[in-house]
Amino acid sequence: MEKGKLFAGIILFGSVWGLLECSVGDYLHEINFLAGPIMTGLFGFGLMMVARMLYQQQGMQMGMALVAGVLRYFHPIGGCLICSAIAIVCEGVIFEIIWYHSSLWPDKMKSMRMKISMGIISGYLLYVLGYIGSQLITPLTVTMIPNAGDILGILPRVLSDATFSALLGGITLPAVLTIPASTTYIVKMRKEVYYPISSVITFLCIFFILS
Amino acid sequence: MGKNRGVERIASIFAIFLLLIGTVSTIYVYSFREEKQAGNAIIINGVEYDMNEIFSSFEKKYINEFSGILLSDLINETSIQSPENHEYAIIGADGYTKTVKWGDMKEGILTNERRVIFQNLPRQFWIRDVVKIEVK
């Protein structure tokens, strides 16, 4: 994989993720409808999986999450910007850990049972660990020490909400894996086409997020 | 092939296990919530206070678009000695809890909709459906 193309891909997918967090995520928060589980199990996980399929590159998803997290943080409207940003970055790290072993890579998974199971596991763990990660790290940003009792208190609710994220993950992964392998041609496009297209999409996403 | 089957079986069992944890947690959360939502009272340090009475007795303060009564005023009205030496666990109906210091209580308000808003803390510390404040 050419480094320049990979870097452009990280920025591109991270920006799309950031845009979805700042638009769909904010709307779901506003109507108080399962914002966290939907954003994690459907959009966050889905985008990371698509990027893993297309680029076949470890570490890329952590970079995407970092870009999406930074854009979320600088979005002028919304709920807890710092907690959302931290949760997104945590999700990127957790994705990399879950999908580290090459035998679990998308192209190696053949049976539907395996796809659904891995989708459920990913959706559940991304949500739970992302949420707890943000609960642990956010207080540090205001020089407070995270309170273990507080985290234990919210654990039942987090484990409960994660069920929706898990179910969405169980649908998202098999759906993403229906994308034909031939779509990897996008990544193999000529530089003269690849860079302008990815730059324009990235620019539009960042423009909408910051405006 | 055999190894793949083994991995597949472990993944399936783990996925079912996670869904079971989620289901049990959902049942727990919803039974806990019903119990807490009874009445129009808020419990502060083990004593029940009527929300309507509280709101008629204190001056309203504003944080951004929110209005409510200062948490420190609420605590000062109770029999708690040396409030600055304690920490305060604010608990929502769903069990969401945040523990803050006295300095934060002076920057936070309780709204009529039972929301706690802090001027000085990230929104992670804002709590909906507050049912209890425990003094530690």
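This is a predicted model: local features need pLDDT of at least 70, side-chain atom pairs count only at pLDDT 80 or more; totals for chains, interfaces and linings use all residues.
**Exercise 1. The interface**

Task: Describe the interface of chain B and chain A. How many residues are in contact, and what area is buried?

Solution. 
- Step 1. Start with the residues in contact. Chain B brings 32 residues, and chain A brings 35.
- Step 2. Turn to area. About 2,700 Å² is buried between chain B and chain A. Carbon and sulfur atoms give 64% of that area.
- Step 3. Look for charge pairs. The count between the two chains is one salt bridge. B:Glu8 and A:Arg113 form it through their side chains, at 3.9 Å from N to O.
- Step 4. Ask which elements of chain B take part. Helix H1 (2-36) and strand S6 (97-101) of chain B each give two or more residues to the side that touches chain A. The largest share, 16 residues, comes from H1(B).
- Step 5. Sort that side of chain B by residue type. It holds 14 nonpolar, ten polar and eight charged residues.

**Exercise 2. A buried lysine**

Task: Find A:Lys5. What is the nearest side chain of opposite charge, and how far away is it?

Solution. 
- Step 1. A:Lys5 is part of helix H1 (residues 3-30) of chain A.
- Step 2. Check for a partner. A:Lys5 is buried, yet it has no salt bridge. The nearest side chain of opposite charge belongs to A:Glu2, 4.9 Å away. A salt bridge needs a nitrogen and a carboxyl oxygen within 4 Å.
- Step 3. The backbone oxygen of A:Val187 is 3.0 Å from the side chain of A:Lys5.
- Step 4. List the surroundings. Beyond four places in sequence, A:Lys5 is in contact with residues including A:Tyr55, A:Met189, A:Tyr194 and A:Tyr195.

**Exercise 3. Salt bridges inside chain A**

Task: Which residues are buried, and which are exposed?

Solution. 
- Step 1. Begin with the total. The whole structure has nine salt bridges over all chains.
- Step 2. Take A:Asp26 and A:Arg72. Their side chains meet at 2.7 Å, N to O. A:Asp26 is in helix H1 and A:Arg72 in helix H3 (residues 60-74), so the pair ties together parts that are 46 residues apart in sequence.
- Step 3. Apply the cut-off. Buried means under 20% relative accessible area. A:Asp26 has 12%, so it is buried. A:Arg72 has 1%, so it is buried too.
- Step 4. Take A:Arg157 and A:Asp161. They form a salt bridge at 3.8 Å, N to O. Both lie in helix H6 of chain A, four residues apart, which is about one turn of the helix.
- Step 5. Take A:Glu192 and A:Arg190. Their salt bridge spans 3.7 Å, N to O. Exposed means over 50%. A:Glu192 is exposed because its relative accessible area is 57%. A:Arg190 is exposed, also at 57%.

**Exercise 4. Positive phi**

Task: Inspect B:Asn45 and B:Ser82. Where in chain B does each one lie?

Solution. 
- Step 1. Recall the rule. Most residues other than glycine have a negative phi.
- Step 2. Check B:Asn45. Its phi is positive, about 50 degrees. B:Asn45 sits in the loop between strand S1 (41-44) and strand S2 (47-50) of chain B. At 38% relative accessibility, B:Asn45 is partly exposed.
- Step 3. Check B:Ser82. Its phi is also positive, near 40 degrees. B:Ser82 is in the loop between helix H3 (71-76) and strand S5 (87-92) of chain B. At 35%, B:Ser82 is partly exposed.

How values were computed: Residues are numbered from 1 along each chain as its sequence is written. Chains are lettered from A and ligands numbered from 1 in the order in which they are written. Side-chain values use heavy atoms; hydrogens and water are left out. Contact means heavy atoms within 4.5 Å. Buried area is the accessible area (1.4 Å probe) that two parts lose on being put together, summed over both. Ala, Val, Leu, Ile, Met, Phe, Trp, Tyr, Cys and Pro count as nonpolar, Asp, Glu, Lys and Arg as charged, and the others, Gly among them, as polar. Buried means under 20% relative accessible area, exposed over 50%, partly exposed in between (1.4 Å probe, protein chains only). Lys and Arg count as positive and Asp and Glu as negative; His and the chain ends are not counted. A polar contact is a pair of N or O atoms within 3.5 Å; within protein, one must be able to donate a hydrogen and the other to accept it, and residues adjacent in sequence count only if both atoms are side-chain atoms.
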